[in-house]
Amino acid sequence: MKAVVIKEPGGPEVLEWTEVDDPSPAEGEVVVDVAASALNRADVMQRMGLYPVPPGASPYPGLEVSGRISALGPGVTGWQAGDEVCALLTGGGYAEKVAVPAGQLLTVPRGVGLAEAAALPEAVATVWSNLVLTAGLRAGETLLVHGGAGGVGTTAIQIAKALGARVAATAGGPEKAARVRELGADLAIDYRTQDFVEHGPYDVILDVVGGGYLERNVRSLAADGRLVVIGLQDGLEGALNLGELVFKRASVHGTTLRTRSLEQKAAIVADVQAKAWPMIESGAVRLVIDRTLPMAEAAEAHRLMESSRHVGKILLVTG
C-alpha cells in the first residue's frame, strides 16, 4: 500500500506519498481500506517534530479516517468485512489501509457520504469529550470557542447549540466571523480587533490556543467556570492568577485525546455514537468541509492548514 511518510521533521515538503508495508490486524483490531482522512493541527505538529508518536502507534500522520473494513483480527465481534465505517485513530490515517481497534469504529451517519465521514471522528470526539464529559456544558450556559472557524470550532459551535447553550466564538477577520454566525454562534468576536474578555463572562471556554491566552481566559470565566485547554498554538506557558481561580471556584483542565487508553477512547466513541451521531443524522450538526485533495497532495493540504485560510475540515482522499 501507499502512505504519507514524514521523511524528517520540517515543513510540508518532508511529506512523501510512498510504498510501505500493509498493516495486519492484531487481536481486537480491524483493517480499514481508507476512502479518506482529514487534517488536524496535531498532524502539523507531528510533522514538525513537536508531537511525539505514542508508543505502538503508526508513525504515519492522520487521526481519523473513513472507509470499508477489509479484514478482522481475532476477537472482533459486531463488525464484518465490507462494513462502511469511520474511525478515531492514534495515527496512520494518511494511508490506503490502517489497522484500528474495534472500539474506535463508528458507523457512517445516515445522510453522510463515505468520504465526507472522515471529517467527523476526531472533531466530534474531541468536542464531545471536552465540552460534555469534562466540562459538563449545560443548557442555558455560555460557551466561548476559540478558533471558531476551524474543524473543532465549527463542530463545537453546533454541538453546543444543539445542547441548548449560548455560544460565542473567536475568528480571524470579518469573513470568518460571518461563517461562525452562519453556524449558529450567537456572538462572533474578531480577535484581530476585539478582546474576547470584554464579552464575558463565560461558563465554559474551549481553548485551542494556549500560551498567552491563559490569563485572559481565566479572567473572563464566570463563577464556577471551566476552562478546557486542548491546543498549544500560542506556546506552552502562560500566567495564572490563582486568586482569581480560587475566588471564582473555577477550574482549568488540560486534555488530549490521542494519548488516552484504548478503554477511555472506546468509552468516548460509544458515547459519541449514542448521543452525538443523532445530532448529525437530524441535521442539527452539519459537516463543514473546506476542500478535498488527493492523499498524494498532503503537503499542499498542510500548507493550506498552516495559512489558516480554511474554514472547517480539509479532507485527503485515496481515490
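Start by selecting α1 (41–47), α2 (121–134), α3 (151–162) and β9 (166–171): each gives at least two residues to the lining of the largest pocket. Helices (H or I, at least four residues) and strands (E, at least two) are DSSP runs, numbered from the N terminus. This is a predicted model, where local features need pLDDT of at least 70 and side-chain atom pairs count only at pLDDT 80 or more, while totals for chains, interfaces and linings use all residues. Residues are numbered from 1 along each chain as its sequence is written, and side-chain values use heavy atoms, with hydrogens and water left out.

A pocket here is an open set of points on a 1 Å grid over the protein atoms alone, where a 1.4 Å probe fits, with protein on both sides within 12 Å along at least five of seven lines; lining residues have an atom within 4 Å of a point.

Next, select R41, V208, I230, G231 and Q233, which lie nearest the centre of the largest pocket among its 48 lining residues. Which element gives the largest share of this lining? That is α2, with five residues. The space inside is about 1100 Å³, a volume being the space filled by probe spheres set on the points, which are joined across faces, edges and corners.

Now move to the second largest pocket, of about 450 Å³. Select G56, A57, S58, G91 and A99, the residues nearest its centre out of 26 in the lining. Two or more lining residues come from each of β6 (97–101) and α7 (262–281). Finish on β6, which gives the most, five residues.
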